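Where does a protein leave space open, and how do its aromatic rings meet? The report below takes up these two topics in turn.

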Amino acid sequence: MNANRREILKYTAAAAAAAALPASFAQNATGAIDPRDRVFITNEDSNTLVVIDPRTNTVETTINLTSFDEDARPPFRYITAGVAPTHAAMIHKPLYHGCIDAHGAVPSPDGRLLATSGRGSSNIYLIDAVEKRVIGNTPNPAAGPTTNPERLSSGILLGREPHEPTFTRNGKELWVTLRGEDRIAILDVDRALRQLRGSDVSSVRQFLPTLNGPAQVWFNREGTLAFVASQKVSKVDVFRVNPGADGHSQPKHLSTLDISAQDKLGFTPFMKTTPDGKEVWFSHKLADAVSCRSTREGFELLDNVPLGAMGRPNHVEFVANAKGAVVYASLSRVDDSGPGGVASSQIAIIDRGAKTGERRLVGSFFSHGRESHGLWTNPENTLLYVAHEQDELPGTPNAGQTVCSAFDISDPFKPNFIAQIPLGNLNLPSGGLRNKKSINLVYVRPGVKGQTA
């Protein structure tokens, strides 16, 4: 057995024991939750955004990014003649103009906006995180007892495979990687809001040439540098942002880093800079590893951390509180030996408090879901929420449902399981559309500076 896989499994029993603690214990340990707090999850196969209230760990609402049931005639319906279509059939229905493959999501620096990408529909949507509604929707002229009251916005068309959007640190721009191309779309946020609300303006400031297959952009703490990872080549692009007096960028290419030693297969879908801004961490999915580089010029490699055979890391998240500092990496691999014998993925724990160059995998815990993907903490770094791509198996408490999991991470090395949250349905006039295949997840406190600030 691979040594790193053995190391992960070594901690399984301890993690399962922690997960068995009562949910009330875990919730009480975290203290009060701000009433503004919400968790937003993009669901790729239903083209919806689920909103979870962390005070109750239940689904508060589902934001509709489909165009179904805007007209009473059969070609516009989700369910026709009692038949619910498959995802492939759903997005190819005649006259469907809704989102296809809802994927990336990120909050604005003040948490009042969310940007969400439609991979297949080649566009992005902006969401009001306070009102929990799509910006740019209009009254439906065909509204009635069996139709939706609003017509879905077309969003902003950008190009092939918009994978991940990221706001600049000052919130003036949104940079969207076009994974099916070799460029980044840079949008003026104010103009984007005006465009979505019907003004005759274009929000795209420029298309910035970059690596083939750009997966994501993330900025250093000062907002002066932009790092771009790729899912097609073993390289990272670095740009100077050069914000002008108006706050808008004048980007210039600074460097291209060779990361083939860490990511030979050239598949780095996710990255993020640490809250202190000193490091940028990369998830090398096919290499079963994560790596870390300095954000200072020179961008030296600081750590490369193997995560075990077929770990297949997706997202990374950082936690620092009184009990320690860690990096979490969500693993898409599903293990049969989960809590209660139920198949589950795991979250890897890397000790970020260790000396640079010596940081390594120190444990893991079961995610209480299959194929863990997006993960995000609350501002206090005491709660962690995890999204999952696959549904729960027959014979399990939430069989057939896509789920989100919540953890008390007051001690980041010993997470305590709080709840497995079934995501339920979007209730359309013609029937229930099940929220399915969760990708990105963000924890938002509107009006408070968050991780992108």
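Predicted model: local features only at pLDDT ≥ 70, side-chain atom pairs only at ≥ 80, totals over all residues.

## The largest pocket

The largest pocket has a volume of about 450 Å³, and its lining is made up of 25 residues. Those that lie nearest the centre of this pocket are Pro275, Pro379, Lys449, Gly450 and Gln451. Two or more lining residues come from each of the strands β19 (270-273), β23 (313-321), β27 (370-377) and β33 (438-444). Sorted by class, the lining of the largest pocket comprises ten nonpolar, nine polar and six charged residues.

## The second largest pocket

The second largest pocket, with a volume of about 300 Å³, is lined by 18 residues, and Thr62, Ile63, Asn64, Asn137 and Glu150 are the ones that lie nearest its centre. At least two residues of this lining are supplied by each of β3 (58-64), β7 (133-134) and β31 (425-428). Among the contributing elements, β3 gives the most, with four residues. The classes in the lining of the second largest pocket are seven nonpolar, seven polar and four charged residues.

## Enclosed space

How many cavities of 30 Å³ or more does the structure hold? There are three cavities of that size, and the largest cavity contains about 60 Å³ of space. The residues that line the largest cavity are Ala105, Val106, Glu164, Gln216, Trp218, Phe270, His315, Trp376, Asn440 and Leu441. Two or more of these lining residues come from each of β4 (102-107), β15 (214-219) and β33.

By class, the lining of the largest cavity has six nonpolar, three polar and one charged residues.

## Aromatic pairs

A pair of aromatic rings is described by the distance of the centres and the angle of the planes. The structure holds eight aromatic pairs, and two of them are set out here. In the pair of Trp175 and Phe219, the ring centres are 5.1 Å apart and the planes stand at 80 degrees, so the arrangement is edge-to-face. Because Trp175 lies in strand β12 (residues 173-178) and Phe219 in strand β15, this pair ties together parts that are 44 residues apart in sequence. Both Trp175 and Phe219 are buried.

The pair of Tyr328 and Phe365 is likewise edge-to-face, because the ring centres are 5.5 Å apart and the planes stand at 75 degrees. This pair links distant parts of the chain, with Tyr328 in strand β24 (residues 324-331) and Phe365 in strand β26 (residues 361-366), 37 residues apart. Tyr328 and Phe365 are both buried, and together with Phe407 and Phe417 they form one aromatic cluster.

## Charges over rings

Two contacts between a charged end and an aromatic ring complete the picture. The charged end of Arg183 sits over the ring of Phe207, at 3.9 Å from the ring centre. The charged end of Lys272 sits over the ring of Trp376, at 3.8 Å from the ring centre, and Trp376 is also one of the residues that line the largest cavity.

Technical notes: Residues numbered from 1 in each chain as written. Heavy atoms only, no water. 1 Å grid on protein atoms, 1.4 Å probe; cavity = no way out; pocket = protein on both sides within 12 Å on 5 of 7 lines; lining within 4 Å. Points joined across faces, edges and corners; volume = space filled by probe spheres on them. Nonpolar A, V, L, I, M, F, W, Y, C, P; charged D, E, K, R; others polar. Phe/Tyr/Trp six-rings, centres within 6.5 Å; stacked < 30°, edge-to-face > 60°. Buried < 20%, exposed > 50% of the residue type's maximum accessible area, 1.4 Å probe, protein only. Lys NZ or Arg CZ within 6 Å of the ring centre and 35° of its normal.
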